[in-house]
Amino acid sequence: MSHFTTIKTKITDSNALRKALKDLGYPIIEEGHNLPLYGYQGDKRPQTANIVVRRKYISAASNDLGFIKVGIAYEMIISEYDVDLLGSDFVNNLMQRYAYHKVLSETKSQKWTKVKEENMQDGTIKLVLTK
Amino acid sequence: MSKKGFIEHKMTQETKNKVFPTRVTFFVEPDGNVTIDKLFSEVLPLALSLNPDDKRIEKFLSYHNRGKH
């Protein structure tokens, strides 16, 4: 048995990603294959994505925010402008909310019960589960 | 066996037979990485779902699954 193992989270679950985006204020997304992405002037971008938050839900001057599945994981397509606009913490916040929902959904399906949830001072979310 | 000895023996047997609940703590860090306090067999599938490319978890999982077929 090992103790304290850290796992570098990868986004592989569209349901958990959808919940994470909702937590960050983007409840409306499009999901499909080869969805076109549009820039802030309404111009069609060369990239396509599987999950898209349309620019109108981000800001008037934003570009679409996309997630494309490459192999087993999703990669984010975000413009430099939107990284500046949303803040450098946006990606980290999204990853944390994703990991939170992923842990809860996987543990629930494996019959674990959450007994404690605590937001720690450093921003870490502590989840205690039992079975 | 004395009465005291019998009671102690019975209590020991009951403790041995009791199934204690398993408990695990996840620390979801601000950058989305997850630290698990105990990586045992029941947690391995979840750990792998967080990063299916993590070779350490794959190795643990194959170790725990050996001989189950």
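Biologist: What makes β6(A) and β7(A) a pair of strands?

Modeller: Two strands pair if DSSP finds at least two bridges between them. β6(A) and β7(A) share 6 bridges in the antiparallel sense, so they pass that cut-off. At one of these places, K114(A) has L129(A) of β7(A) as its bridge partner. The two strands form a hairpin with 5 residues between them, and G123(A) in the turn has a positive phi of about 95°. This is a predicted model, in which local features need pLDDT of at least 70 and side-chain atom pairs count only at pLDDT 80 or more, while totals for chains, interfaces and linings use all residues. Residues are numbered from 1 along each chain as its sequence is written, with chains lettered from A and ligands numbered from 1 in the order in which they are written.

Biologist: Why is β7 (125-130) of chain A called a strand?

Modeller: A strand is a DSSP run of E with at least two residues, and a helix is a run of H or I with at least four; both are numbered from the N terminus. β7(A) spans 125-130, so its length meets the rule for a strand. β7(A) is also joined by 6 bridges to strand β1 (residues 23-28) of chain B, running antiparallel. There, L129(A) stands opposite V24(B).

Biologist: How do you know whether L65(A) is buried or exposed?

Modeller: A residue is buried if 20 or more other C-beta atoms, placed from the backbone, lie within 10 Å of its own, exposed if 12 or fewer do, and partly exposed in between. L65(A) has 25 within 10 Å, so it is buried. L65(A) belongs to strand β4 (residues 65-70) of chain A. By contrast, the count of buried residues among the 7 of β6(A) is 0.

Biologist: What makes D82(A) a contact of L65(A)?

Modeller: Contact means that the C-beta atoms, placed from the backbone, lie within 7 Å. D82(A) is among the contacts of L65(A) beyond four places in sequence, as are V52(A) and I78(A).

Biologist: How do you know how confident the predictor is in chain A?

Modeller: pLDDT is the predictor's confidence in each residue, from 0 to 100. Chain A has a mean of 94, with 98% of its residues at 70 or more.

Methods: Contact = placed C-beta atoms within 7 Å.
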